[in-house]
Amino acid sequence: MTYITRAAAAAGALLTAAGLLTAGPAQAASRDALPGNWLFLTVTKGDARSEDSRGALLLCEPPQGHARASEACAELAAAGGAIERIPAKQVFCPMIFAPVTVHARGRWDGRLVDFQDTYTSACVMRARTGSVFALDG
């Protein structure tokens with residue numbers, strides 16, 4: 001290996017290392033771009049691979065993002081941001097199999113949230129998750 005080739009290889013390695021060091025904080029900053037508590041929510045009819053999906057960004061300071069944002073934020077606050085801890089409502093749902101898959105990803109009280117579940121129907125989903133996934137009002 002000649003001197004110029006070694007110098008070029010060393011310079012390339014140094015630039016690569018510098019690029020990796022600067023890329024880390026920029027990526028972390030983009031994840032924290034939204035202040036406060038927020039979740040990106042999706043509801044998909046069928047399984048998670050289906051194309052029939054709708055989504056919304058739920059912001060809770062102040063509540064906005066879908067028609068029942070203030071109720072959803074209050075339910076999440078009472079559950080500490082854990083969707084699975086929202087108390088299930090006592091409702092009677094028809095026994096019609098029409099599965100829906102929900103996904104929530106975001107931050108709550110500084111912690112990452114990544115929740116996904118599939119329910120047998122939209123009625124069961126609303127009974128188990130309250131207003132959080134009520135994207136259509």
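User: In β5, which residue is the bridge partner of V102?

Analyst: The model is predicted. In it, β4 and β5 pair in the antiparallel sense over 9 bridges. V102 belongs to one of these pairs, and its bridge partner in β5 is D117.

User: Which residue in the turn between β4 and β5 has a positive phi?

Analyst: Strand β4 covers residues 100–108 and strand β5 covers 111–119. The two form a hairpin with 2 residues between them. In that turn, a positive phi of about 50° is found at D109.

User: What is the order of the strands in the open sheet?

Analyst: The sheet has 5 strands with antiparallel pairing. Its edge strands, each pairing on one side only, are β3 (63–64) and β5 (111–119).

User: Over how many bridges do β1 and β2 pair?

Analyst: Strand β1 spans residues 38–45 and strand β2 spans residues 53–60, and their pairing is antiparallel. Within this pairing, W38 has L59 of β2 as its bridge partner. The number of bridges between β1 and β2 is 7.

User: At about what angle does helix α2 run to β2?

Analyst: Helix α2 consists of residues 69–78. This helix lies across β1, β2, β3 and β4. Relative to β2, helix α2 runs at about 70°.

User: Helix α3 lies across which strands?

Analyst: Helix α3 takes in residues 122–129. Its direction makes an angle of about 145° with β5. The strands that α3 lies across are β1, β4 and β5.

User: How many residues apart are C60 and C73?

Analyst: The sulfur atoms of C60 and C73 are 2.0 Å apart, and the two residues form a disulfide. This pair links distant parts of the chain, with C60 in strand β2 and C73 in helix α2. Their separation is 13 residues.

User: Are C60 and C73 buried or exposed?

Analyst: The link of C60 and C73 is left-handed, with -85° about the S-S bond. A residue counts as buried under 20% relative accessible area. By that cut-off, both C60 and C73 are buried.

User: Why does the pair of C93 and C123 tie together parts that are apart in sequence, and how many residues apart are they?

Analyst: A disulfide joins C93 to C123, S to S 2.0 Å. C93 sits in the loop between α2 and β4 while C123 sits in helix α3, so the bond ties together parts whose separation in sequence is 30 residues.

User: What is the handedness of the disulfide of C93 and C123?

Analyst: One member of the pair, C93, is partly exposed, with a relative accessible area of 24%. The torsion about the S-S bond of C93 and C123 is about -80°, so the disulfide is left-handed.

User: What pattern do the disulfides of the chain follow?

Analyst: The count comes to 2 disulfides. With bonded cysteines counted along the chain, the pattern is 1-2, 3-4.

Terms used: Residues are numbered from 1 along each chain as its sequence is written. This is a predicted model: local features need pLDDT of at least 70, side-chain atom pairs count only at pLDDT 80 or more; totals for chains, interfaces and linings use all residues. Side-chain values use heavy atoms; hydrogens and water are left out. Two strands pair if DSSP finds at least two bridges between them. Helices (H or I, at least four residues) and strands (E, at least two) are DSSP runs, numbered from the N terminus. Contact means heavy atoms within 4.5 Å. Axes are lines fitted to C-alpha atoms, for helices over the stretch in contact, and angles run from 0 to 180 degrees between N-to-C directions. A disulfide is a pair of cysteine sulfur atoms within 2.5 Å. Buried means under 20% relative accessible area, exposed over 50%, partly exposed in between (1.4 Å probe, protein chains only).
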